[in-house]
Amino acid sequence: MNKKVLIVDDDPRNIFALKLTLKSRGYQIESCTMAQEAIDILKKDNQFTAVLMDMMMPEMDGYEAIKIIRSIPSISEVPVISVTAQAMPEDRQKCLDAGAQDYVSKPIDVDQLINAIEKLT
């Protein structure tokens with residue numbers, strides 16, 4: 001089974017921590033710090049188990065990025081998990097309404113994240 005995750009976060013420390021955690025669990029990791037870059041990566045390779053999308057990024061935020069991903073036929077089915085520091089119940093709904101399959105709040109609970117990823121497969 002292909003266990004490949006794309007991490008999209010404007011903070012390299014978050015990417016670093018997630019990479020270490022997920023690699024230790026057998027996942028292949030790609031990462032980028034900009035939403036547009038994530039869209040470009042997905043257009044080249046849409047075989048990801050999940051995309052971990054930070055919702056608060058400069059230039060293009062995660063909400064806009066998910067809407068774009070959902071609008072491009074070749075990548076519209078790629079599972080996206082929203083990752084955000086905004087942890088109010090309405091924030092979860094906003095992420096799901098934007099097209100995310102699931103939602104994990106920061107600081108990230110690793111078990112919750114792994115469960116969210118594994119629910120997708």
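Student: In helix 2 (residues 35–44), which residues are buried?

Tutor: This is a predicted model, so treat what follows as read off a prediction. In helix 2, the buried residues are A35, A38, I39, I41 and L42.

Student: How should I read a pattern like that?

Tutor: Start with the general idea: an α-helix has 3.6 residues a turn, so residues three or four places apart point the same way. Now the case here: looking down the axis of helix 2, the buried residues stay within an arc of 160 degrees, so they line one face of the helix.

Student: And what covers the buried residues of helix 2?

Tutor: The cover includes strand 1 (4–8), strand 2 (28–32) and strand 3 (50–54), along with helix 3. Take I39 as an example: leaving out residues up to four places away in sequence, I39 touches M60, A65, I68, I69, I72 and I75.

Student: Okay, on to the nonpolar core. Which residues of the largest one touch the most other members?

Tutor: In general, nonpolar side chains in soluble globular proteins tend to be buried together. Here the largest nonpolar core has 26 residues, and L6, V8, I39, L42, V51, M53 and I75 touch the most other members. At least two residues of this core come from each of strand 1, helix 2, strand 3, helix 3 and helix 4. Helix 2 gives the most, with five residues. There's also a second, separate core of 16 residues, with I7, I15, Y27 and L52 among them.

Student: How do I read the packing of helix 3 against helix 4, and are they parallel or antiparallel?

Tutor: Two packed helices are described by the angle between their axes and the distance between the axes. For helix 3 (residues 62–71) and helix 4 (residues 89–98), the axes come within 8 Å and cross at roughly 25 degrees. Angles under 35 degrees count as roughly parallel, and helix 3 and helix 4 are therefore roughly parallel to each other.

Student: Which residues meet there?

Tutor: Y63, I66, K67 and R70 from helix 3 meet D91, K94, C95 and A98 from helix 4. By class, that contact has four nonpolar, four charged and no polar residues.

Technical notes. Residues numbered from 1 in each chain as written. Predicted model: local features only at pLDDT ≥ 70, side-chain atom pairs only at ≥ 80, totals over all residues. Heavy atoms only, no water. Axes fitted to C-alpha atoms, helices over the stretch in contact; angles between N-to-C directions. Helix = DSSP H or I, 4+ residues; strand = E, 2+ residues; numbered from the N terminus. Parallel < 35°, antiparallel > 145°, perpendicular 65-115°, else oblique. Contact = heavy atoms within 4.5 Å. Nonpolar A, V, L, I, M, F, W, Y, C, P; charged D, E, K, R; others polar. Buried < 20%, exposed > 50% of the residue type's maximum accessible area, 1.4 Å probe, protein only. Arc of directions from axis to C-beta. Core = buried A, V, L, I, M, F, W, Y, C linked by side-chain atoms within 4.5 Å.
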